[in-house]
Amino acid sequence: MAKNNQFDSAALNTLTPDTKIVGDIESIGDIRFDGTLEGNLVSKGKVVLGGNAKVKGRIECKVADISGLIEGTVVATELVSLQKSAKVYGEIHMSKLSVEPGAIFTGSCKMSSDSKTPVTDKNTNAK
């Protein structure tokens, strides 16, 4: 019987707190990141940044759930959720924004009502 080599887009990629990446990450599926990233993270799904996560760069995704530190730009076609431990220094572009009390956000925010194309400037990259 032949194997089906198609990628399961529902798969979850997980990178642990002891992971450090210098470079870019691209994923078709959802990703949970708890490590350190100096670069860009692009996902067609949901990005979860755990409380230990530190990102210096750009994040592009459908939904972003942030508990860690970001220095750069977050672009989400749907929702960005800043949990109480989140610290974001830079820009956020999204259709919907949720901020828990205690979260820190210093920068600019651009909201678009069109969930497929958030307001963004591709040249913006705080790396």
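Trainee: How many contacts beyond four places in sequence does the model have for residues 1–7?

Mentor: This is a predicted model, in which local features need pLDDT of at least 70, side-chain atom pairs count only at pLDDT 80 or more, and totals for chains, interfaces and linings use all residues. pLDDT is the predictor's confidence in each residue, from 0 to 100, and a contact means heavy atoms within 4.5 Å. Over residues 1–7 the pLDDT stays under 50, and the number of contacts beyond four places in sequence is two.

Trainee: How many contacts beyond near neighbours in sequence does the stretch 123–127 have?

Mentor: The pLDDT of residues 123–127 is also below 50. Where pLDDT is low, the predicted coordinates should not be read in detail. With that caution, the number of contacts in the model beyond near neighbours for residues 123–127 is 16.

Trainee: What is the mean pLDDT of the protein chain?

Mentor: Residues are numbered from 1 along each chain as its sequence is written, and side-chain values use heavy atoms, with hydrogens and water left out. In the protein chain, 80% of the residues reach a pLDDT of 70 or more. The mean for the chain is 86.

Trainee: How many strands are in the protein chain?

Mentor: Helices (H or I, at least four residues) and strands (E, at least two) are DSSP runs, numbered from the N terminus. The chain has zero helices, and its pattern along the sequence is β-β-β-β-β-β-β-β-β-β-β-β. The number of strands is 12.

Trainee: What percentage of the residues of the protein chain count as buried?

Mentor: Buried means under 20% relative accessible area, exposed over 50%, and partly exposed in between (1.4 Å probe, protein chains only). The chain has 127 residues, and the buried part is 42%.

Trainee: Which residues does alanine 53 touch, not counting those up to four places away in sequence?

Mentor: Alanine 53 sits in the loop between strand E7 (46–49) and strand E8 (54–66). Its relative accessibility is 1%, so alanine 53 counts as buried. Aspartate 34 is 19 residues away along the chain, yet the two C-alpha atoms are separated by 4.2 Å. The residues touched are Phe33, Asp34, Gly35, Gly68 and Leu69.

Trainee: Arginine 32 meets which residue in a salt bridge?

Mentor: A salt bridge is a side-chain nitrogen of Lys or Arg within 4 Å of a carboxyl oxygen of Asp or Glu, and the whole structure has four of them. The N to O distance is 2.9 Å, and the partner is aspartate 34.

Trainee: How far apart are the closest N and O atoms of glutamate 60 and arginine 58?

Mentor: Glutamate 60 and arginine 58 are both buried. They form a salt bridge, and the closest N and O atoms are apart by 2.8 Å.

Trainee: Lysine 62 forms a salt bridge with which residue?

Mentor: The closest N and O atoms of this pair are 3.9 Å apart. Lysine 62 lies in strand E8 and its partner in strand E9, so the pair ties together parts that are 16 residues apart in sequence.

Trainee: Is serine 81 buried or exposed?

Mentor: Serine 81 has its place in strand E9 (residues 69–82). Leaving aside neighbours within four places in sequence, serine 81 is in contact with Ala64, Asp65, Ile66 and Ser98. Its relative accessible area is 12%, so serine 81 is buried.

Trainee: How far apart in space are glycine 72 and glycine 107, C-alpha to C-alpha?

Mentor: Glycine 72 is in strand E9. It counts as buried because its relative accessibility is 0%. Glycine 107 is 35 residues from glycine 72 in sequence, and the C-alpha to C-alpha distance is 9.4 Å.

Trainee: How many disulfides does a search of the whole structure find?

Mentor: A disulfide is a pair of cysteine sulfur atoms within 2.5 Å. Cysteine 61 counts as buried at 6% relative accessibility, whereas cysteine 109 is partly exposed at 38%. The number of disulfides found is zero.
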